[in-house]
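This report goes from the whole chain down to a single residue. Keep the structure open while reading.

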Amino acid sequence: MLQIKKTTRISFYNIIALLCITFIMPICLGYKNTGNYFLTLAILLLANVTKPSKYTVAFIFFILSFYIPTGFQFGRLNYGFIISAIETDSHETREFLRGFIGLPLVLLFVCWLSLYRYLAIPLFKINKKYRYLCLALLIGVSINSYPKRMIKDAVSYIFQSKKDLTTLKNEAFIPDTFSNVTANPKYNNIIVVVGESVAANYLSLYGYPHDDTPWLRNAPGVFLENYISTAPNTFLSLPRTLAISNGKETSVNNNVVALANRAGYDTYWISNQGFVGEYDTPSTVIAMRANHRYFLKSGDYNSKLVDDFSMLDLLPNILKKPENKVIFIHMIGSHPDPCKRLMGYPQRFSVSGKKSVNCYISSINKLDDFIHRAYNIAKENQKSFAMIYFSDHGMSIDNSDRPVRHGNAEKQNYHVPFFILTNDVNKHIEIDTSISAYQFANIFSFLSGISSQQIKPTSVFDMKSQKIEVFNGGNMVDYQDLSSSIIIH
Ligand SMILES: [Zn+2]
């Protein structure tokens, strides 16, 4: 009696283990559907006829399980994850890993325990003929299964990203091909502030109910209400914004820094983003074209956090120089983890129960201050100037376990602030034309008075609303088709 009870209990745990793997694997790897639950269970059972097949299957699931915490939060593996894993500095990696704490980690351990348990299940005792039939079926169902596709994708993404990074490295040496470049500067100084991870919906400038941008809300300048970034993360977005791109393909060598050099401007690039390796990121490749470069994190990229405000300390001396200049300022802005970006800046908002949402709103409050200070510095300099600000992409913000994160499926991942402040505009002007960041080079050319065969200078006042497409990491998709998200307020 006792013996039977014991056996029943063990097989009960075995069933639990099988069910855990059956559900956790497809759900957490981003392949959630009924077919894949049955498929997973079938693979586990069919493999349980010989030791080699069983251990092979368990090993593959074990390897794939490392993706569980990421997949649970972001869904199926994509190229962007691989590229950012390769590109990311160790500080960002730590931020990323912190998102694992909690349920994702629990699921990972449950999966490991279940796999361990699975190994202990006795092999099915069936005769040789049926055993071969089971193995044939196992191969049959696995041949186009999600585990196989996932491994194939991972391998091809790794090769692709290595190839892309090498291409970028080579591209840094390719001269631009701009022709018939002429310059008729309207301003002595053009300042381009490249923001980071700022979703337009979260600025009171654009109607957010908490006043996190009190200065910008009334500031003199031209404000675009519907400016849409090219792509949902820095790596994909900046080359497409700053260089000539058709969406999928980008000629990184033909970028606005190279264009400004050609037109006789002296060019500066000030960055508070990681200088991972000299040519590791596309924005660094573009930055390398600037005549003068200041990487605040250079030499110590993996530990030191630098306040965006310290970039402004460099500005007065640069502005004083007599040449006409284009100065790029690359912020770390509101990049996750936003709490780390405040660096002592007061946190005045308690909008959400989630600390990082409140920090995010405060980081936008800090942006308001940053722009205000930059504007004052430019004004004090007495020379004419135009200052452009845009964010490279938006963010996903909600009340989930990881409330502030990159995403590519919602409008707020692309809808970003854009404005132009100049010494000669004294009113607050709003433009609601839909404008794509793929037109940035045209706007830049107009403000800097540079014409070239390749880029037609266009004023934001002359642009017409058009259908906007964004690059989501895999394809060009219609921005209007993306879902809107609930704004936390
Ligand atoms: Zn970014």
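## Domains

The model is predicted. Its protein chain is assigned domain 1 at residues 2-165 and domain 2 at residues 180-481. How far apart do the C-alpha centres of domain 1 and domain 2 lie? The separation is 41 Å.

## Overall build

The C-alpha trace spans about 95 × 50 × 45 Å along its principal axes. Secondary structure in the protein chain amounts to 18 helices and 16 strands.

The protein chain has 489 residues, and 44% of them are buried. Consider contacts with a separation of 6 or more: 77% of these join residues 24 or more positions apart.

Now to one site. His-393 sits in a loop.

Is His-393 buried or exposed? His-393 is buried, because 32 C-beta neighbours fall inside 10 Å. The cut-off for a buried residue is 20 or more.

## His-393: surroundings

Which residues does His-393 contact, leaving aside neighbours within four places in sequence? The list includes Ser-197, Ser-229, Ala-231, Pro-232, Asn-233, Thr-234 and Ser-237. Asn-413, Tyr-414 and Val-416 are also in contact with His-393.

How values were computed: Residues numbered from 1 in each chain as written. Predicted model: local features only at pLDDT ≥ 70, side-chain atom pairs only at ≥ 80, totals over all residues. Domains from an automatic or database assignment. Helix = DSSP H or I, 4+ residues; strand = E, 2+ residues; numbered from the N terminus. Buried ≥ 20, exposed ≤ 12 C-beta atoms within 10 Å, placed from the backbone. Contact = placed C-beta atoms within 7 Å.
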